[in-house]
Amino acid sequence: MIKHMDRGIFLRLSAARRRDVRRRGLVRRVGILLDQIQSGHPTAYCKLNQEVPILRLWFNVEAELQQDFRLTRRAMQGLQRLLQREQDHGWGSQLEVLIYVYWLAHGLSYRVVSSVFGVPKPTVHRVVHRVAQLIWKNLKLAIRFPLPEELDAIGQGFGQLSGTPVLNSVVGSVHDTRIMKNSTFYRTQQYPPTGYIILGDGGYPCLDKPIGLITPYKEPVRGRTESCFNYHHSRGRSIVERAFGVMKTRWRSTLFKALEVRPTFSPVVIATCAFLHNVCLENGDMLDPDDDVAQDIFDPQPPREALVANESSGRAKRDELAALISGHVQE
């Protein structure tokens, strides 16, 4: 009986000693971590397996990335520079960006991406959300309204695109009336500035207020003046249609199917697609829209919504522009 009691006491003491050792070890590791953070040299607790095929591709500086990541190497490096930050672990911001872009490019599950990169599934989940939120917080690095001093040059660009200098006052084109009417820039009359207009397709109301938004004449048009206006209007508006087509083509694996994420996370993912689209353009990474995407873009638009209390018609402005275009063409 005494021997049995001695053995029980011994086991309890041994367990307490092990817990004490673990506790001291944890305190020591936390102390080291704090010292490294305070000294500006964060610790690394993960090792990178450079033999994983997708990482061998990345580290081979001669290899192109577009097939696997939908971004050229130059665009990827530009993106990594934009999002570069201090890391507190061994994955590094470069690898995190690679994981996120690969997930976005293929629309894969976290489990599959985990296998591709040789990292734990929970890590992939954290990385995807962390990089997406980082881009969300830094959208203005790649997405913004034009500055006042840029408006004239942008207007001239739209004039060239549409084939008539009458549309030199155009500084932006919009694609979806529902999105526009829920946007901050529409509700607060933030854009375009007074004296400038944006172009919308037939699904929009033609507006003078709260913003200048000019739409084409309804088909069938009445006479040459309306027909000529619609032709140049369509040419000017084509830039936004193409932009959406390119973005849908680049990220079709994600945008053409139901996202397997929480609904509250979906807008962040879509915003990052637009952010990356602009980063690609800044780095010369061009892409032609797929044929099926182009067809989707030019499908018939829904009927125009009736004007509401705070809106006034832009038909008079449209008639004025149409008359100027017609006169300019005749000259």
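P210 sits in the loop between strand 3 and strand 4. Strands here are DSSP runs of E with at least two residues, helices are runs of H or I with at least four, and both are numbered from the N terminus. The model is a predicted one: local features need pLDDT of at least 70, side-chain atom pairs count only at pLDDT 80 or more, and totals for chains, interfaces and linings use all residues. Residues are numbered from 1 along each chain as its sequence is written, and side-chain values use heavy atoms, with hydrogens and water left out.

K209 and P210 are joined by a cis peptide bond, with omega about 10 degrees. Another cis bond links E219 to P220, where omega is about -5 degrees. P220 belongs to the loop between strand 4 and helix 11 (223-250). Most peptide bonds are trans, and most residues other than glycine have a negative phi. R70 is not a glycine, yet its phi is positive, at about 65 degrees. R70 lies in the loop between helix 3 and helix 4. With a relative accessible area of 25%, R70 is partly exposed. Buried means under 20% relative accessible area, exposed means over 50%, and partly exposed falls in between (1.4 Å probe, protein chains only).

Strand 3 (207-209) and strand 4 (213-214) each supply at least two residues to the lining of the second largest pocket. Strand 3 gives the most, three residues. A pocket is an open set of points on a 1 Å grid over the protein atoms alone, where a 1.4 Å probe fits, with protein on both sides within 12 Å along at least five of seven lines; lining residues have an atom within 4 Å of a point. The space in the second largest pocket is about 260 Å³, where volume is the space filled by probe spheres set on the points, and points are joined across faces, edges and corners. The pocket is lined by 18 residues, and T194, Y196, D208, I211 and G212 are the closest to its centre. The lining has 10 nonpolar, five polar and three charged residues. Ala, Val, Leu, Ile, Met, Phe, Trp, Tyr, Cys and Pro count as nonpolar, Asp, Glu, Lys and Arg as charged, and the others, Gly among them, as polar.

The chain has 15 helices and five strands. Of its 331 residues, 41% are buried. In helix 4 (residues 73-83), the buried residues are R73, A75, M76, G78, L79, Q80 and L83. They pack against helix 2 (53-59), helix 3 (66-69), helix 5, helix 7 and helix 13 (266-282). Contact means heavy atoms within 4.5 Å.

Helix 5 (residues 92-106) and helix 7 (residues 121-137) pack at about 95 degrees, with axes 9 Å apart. Helix 5 is therefore roughly perpendicular to helix 7. Angles of 65 to 115 degrees count as roughly perpendicular, under 35 as roughly parallel, over 145 as roughly antiparallel, and the rest as oblique. Axes are lines fitted to C-alpha atoms, for helices over the stretch in contact, and angles run from 0 to 180 degrees between N-to-C directions. From helix 5, residues including Y100 and W103 meet residues of helix 7, among them V128 and I135.

S326 counts as buried because its relative accessibility is 6%. A322 is buried because its value is 1%. Beyond neighbours within four places in sequence, S326 contacts R224 and T225. On that basis A322 touches Y217, T225 and F229.
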